[in-house]
Amino acid sequence: MIRSFLILGVHAVLAGSAAAAQKGAEVPTLATVSGTCERLVIGGRDVTGQCKGTLLNTSYATGRVGFYFVTGDGAALTFTGMGSSQIKPDPDTAVQPVDGVIFGFKGQFDRTRAVGTCRFTNPYARPGSVSCKADTQGGTFAAEFITDGNPPSVMKP
């Protein structure tokens, strides 16, 4: 169920422009990690207790990336931005600018413009972490995740 939900969410990321719509069939690289969701805030509302121990990351050939935080009832919060804009303060850390937030639930998706960042560490070097925060007209969205130390499962197109 998460996989089908993810596929729908991934296509929603591309729905923002005509050029992206033409690439709707593009399949991203998908990385999945397990661990602990430490925090999940949707539109200013703390729903941490609903967050699952799975984090998904997509990377498209266009350079767009996304971090998907998933809840037990099948909802997902995605922070998305262009990977080419990442800043790397050290070899095992990157800061990803976020220009959009997507919230999906039961086949419905709401994408909004956002200003924020995701800071993440290399999950191969040690237990990794992902911390995202973005402000939108609909409020603040935030999430924090700590991996269990196992390497990610990666599926390439």
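A residue is called buried when its relative accessible area is under 20%, exposed when it is over 50%, and partly exposed in between, with a 1.4 Å probe and protein chains only. The model described here is predicted: local features need pLDDT of at least 70, side-chain atom pairs count only at pLDDT 80 or more, and totals for chains, interfaces and linings use all residues. Residues are numbered from 1 along each chain as its sequence is written, and side-chain values use heavy atoms, with hydrogens and water left out.

The overall plan comes first. The protein has two helices and eleven strands; helices (H or I, at least four residues) and strands (E, at least two) are DSSP runs, numbered from the N terminus. Along the sequence, the elements follow the pattern α-α-β-β-β-β-β-β-β-β-β-β-β. Of the 157 residues, 41% are buried. The accessible surface, calculated by the Shrake-Rupley method with a 1.4 Å probe and, for residues, with only the protein chains shown as cover, comes to about 8100 Å². Carbon and sulfur atoms account for 53% of that surface. A contact means heavy atoms within 4.5 Å. Among the contacts with a separation of 6 or more, 49% are between residues 24 or more positions apart.

Two strands pair if DSSP finds at least two bridges between them. The hairpin of β4 and β5 has four residues between its strands, and its turn contains glycine 74, with a positive phi of about 95°.

Strand β3 also holds threonine 54, which is buried, with a relative accessible area of 18%. Beyond its neighbours within four places in sequence, threonine 54 is in contact with Thr32, Val33, Tyr68, Val70 and Phe145.

Rings of Phe, Tyr and Trp (its six-membered ring) pair if their centres lie within 6.5 Å; planes under 30 degrees apart count as stacked, over 60 as edge-to-face and the rest as tilted. There are two aromatic pairs by this rule. Phenylalanine 67 and phenylalanine 120 form a tilted pair, with 5.1 Å from centre to centre and 55° between the planes.

A nonpolar core is a set of buried Ala, Val, Leu, Ile, Met, Phe, Trp, Tyr and Cys residues joined through side-chain atoms within 4.5 Å. The largest such core has 23 residues, and those with the most contacts inside it are Leu40, Phe69 and Phe79. At least two residues of this core come from each of β1, β3, β4, β5, β7 (93–105), β8, β9 and β10 (139–147). Strand β1 supplies the largest share, four residues.

Covalent links complete the picture. A disulfide is a pair of cysteine sulfur atoms within 2.5 Å, and the structure holds two. One joins cysteine 37 to cysteine 51, with 2.0 Å from S to S. Cysteine 37 is in strand β1 (residues 29–42) and cysteine 51 in strand β3 (residues 51–59), 14 residues apart. The torsion about this S-S bond is about 85°, so the disulfide is right-handed. Another disulfide joins cysteine 118 to cysteine 132, with 2.0 Å from S to S. Cysteine 118 lies in strand β8 (residues 108–121) and cysteine 132 in strand β9 (residues 129–136), so the pair ties together parts that are 14 residues apart in sequence.
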